[in-house]
Amino acid sequence: ACDGANAYLVRREALAAFLEAHAGATIVTHNIAFDFWVIMTWLKKAGATKAQEALWALAANGHLHDVAILDRLVRLADPRTASTVGRTRSLATLASELVDVELSKDEAVRTGFGDALVDGRVDYSKLRPEQLVYAGLDAAATLAVYEALLVRARAVALRVRDRLLPDAERRFGILSETVHVRGAIALAAASRRGVAVDPVRADELRSSLTDERDRLRALENATY
């Protein structure tokens, strides 16, 4: 974890207490769909009910952010880069481009943290110095990238402010980012568990949504 000034290694057994202590904080990740459920799985295994509630509250209240999602939304808003939004950019790419920070590309460093697992427990003595440096730099770079993207996102929002609801950012996040964060969390769960679909109700909903879409398009055309 990084607070902008210092980086900290949060041990797995301290994760629940960490989340409870930071229940109202802003937490930034690069892959929320993965990170959220990895954390939630551990909290459930540990029986940390309050920490689970704190994590859900962070998502519900718009305090969880994802730099990969925000980067795609910023690119979508620019006609010059809109066609590239189907590609999620790595944290290393974002850090290099936006904040001039180079992250290690050594796979053994980036993905070798599982080597410290011994019989289901983490043996922190097995983490090499370069892995600890990478973990701290990863957290610091994520926060720095988010702050850089936030500047770009606010510039976009400023250009279209006359077309936004007055409380749009509070409700949906900058460029609707927190809505997409919650969606990513939900879709990740759905992809793991599957979804039961009522085809009759789905057809009814499709029809009603199509009507509402057409109504809103007509309203937009009449307004602008």
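This is a predicted model: local features need pLDDT of at least 70, side-chain atom pairs count only at pLDDT 80 or more; totals for chains, interfaces and linings use all residues.
Let me begin with a pair of helices: helix 4 and helix 7 are roughly parallel to each other, since their axes cross at roughly 25° and an angle under 35 degrees counts as roughly parallel. The axes of these two helices come within 10 Å, and their crossing is left-handed. On the side of helix 4, the contact is made by Val-67, Leu-70, Asp-71 and Val-74, while helix 7 brings Thr-142, Val-145, Tyr-146, Leu-149, Leu-150, Arg-152 and Ala-153.

The protein has 224 residues, of which 29% are buried, and its secondary structure comes to 10 helices and four strands. Read from the N terminus, the elements follow one another as α-β-α-α-β-α-α-α-β-β-α-α-α-α. The C-alpha atoms fill a box of roughly 65 × 45 × 30 Å along the principal axes. When we take the contacts between residues at least 6 apart in sequence, 66% of them join residues that are at least 24 apart.

Now let us return to helix 4 and look at one of its residues, Asp-71. Is Asp-71 buried or exposed? Asp-71 counts as buried, because its relative accessibility is 2% and the cut-off for buried is under 20%. Apart from its neighbours within four places in sequence, Asp-71 is in contact with Arg-89, Leu-94 and Leu-149. Of these, Leu-94 is one of the buried residues of helix 5, and Leu-149 is among the residues through which helix 7 meets helix 4.

That brings us to helix 5, which covers residues 91–99, and to its meeting with helix 7, which covers residues 129–159. The axes of this pair come within 9 Å and cross at roughly 60°, and helix 5 and helix 7 are therefore oblique to each other. This crossing, too, is left-handed. Helix 5 makes the contact with Leu-91, Leu-94, Ala-95, Glu-97, Leu-98 and Val-99, and helix 7 with Asp-138, Ala-141, Thr-142, Ala-144, Val-145, Ala-148, Leu-149 and Arg-152. The residues of the contact divide into 10 nonpolar, one polar and three charged.

Which residues of helix 5 are buried? They are Leu-91, Leu-94, Ala-95 and Leu-98, and because they cover an arc of only 100° around the axis, they sit on the same side of helix 5.

Just after helix 5 comes Asp-100, with a positive phi of about 55°, although Asp-100 is not a glycine. Asp-100 belongs to the loop between helix 5 and helix 6 and is exposed, with a relative accessible area of 65%. The other residue is Ser-176, in the loop between helix 8 and helix 9, which has a positive phi of about 65° and is not a glycine either. With a relative accessible area of 25%, Ser-176 is partly exposed.

How values were computed
Residues are numbered from 1 along each chain as its sequence is written. Side-chain values use heavy atoms; hydrogens and water are left out. Axes are lines fitted to C-alpha atoms, for helices over the stretch in contact, and angles run from 0 to 180 degrees between N-to-C directions. Angles under 35 degrees count as roughly parallel, over 145 as roughly antiparallel, 65 to 115 as roughly perpendicular and the rest as oblique. A crossing is left-handed if the near helix is turned anticlockwise from the far one by less than a right angle, and right-handed if clockwise. Contact means heavy atoms within 4.5 Å. Ala, Val, Leu, Ile, Met, Phe, Trp, Tyr, Cys and Pro count as nonpolar, Asp, Glu, Lys and Arg as charged, and the others, Gly among them, as polar. Buried means under 20% relative accessible area, exposed over 50%, partly exposed in between (1.4 Å probe, protein chains only). The arc is that of the directions from the helix axis to the C-beta atoms.
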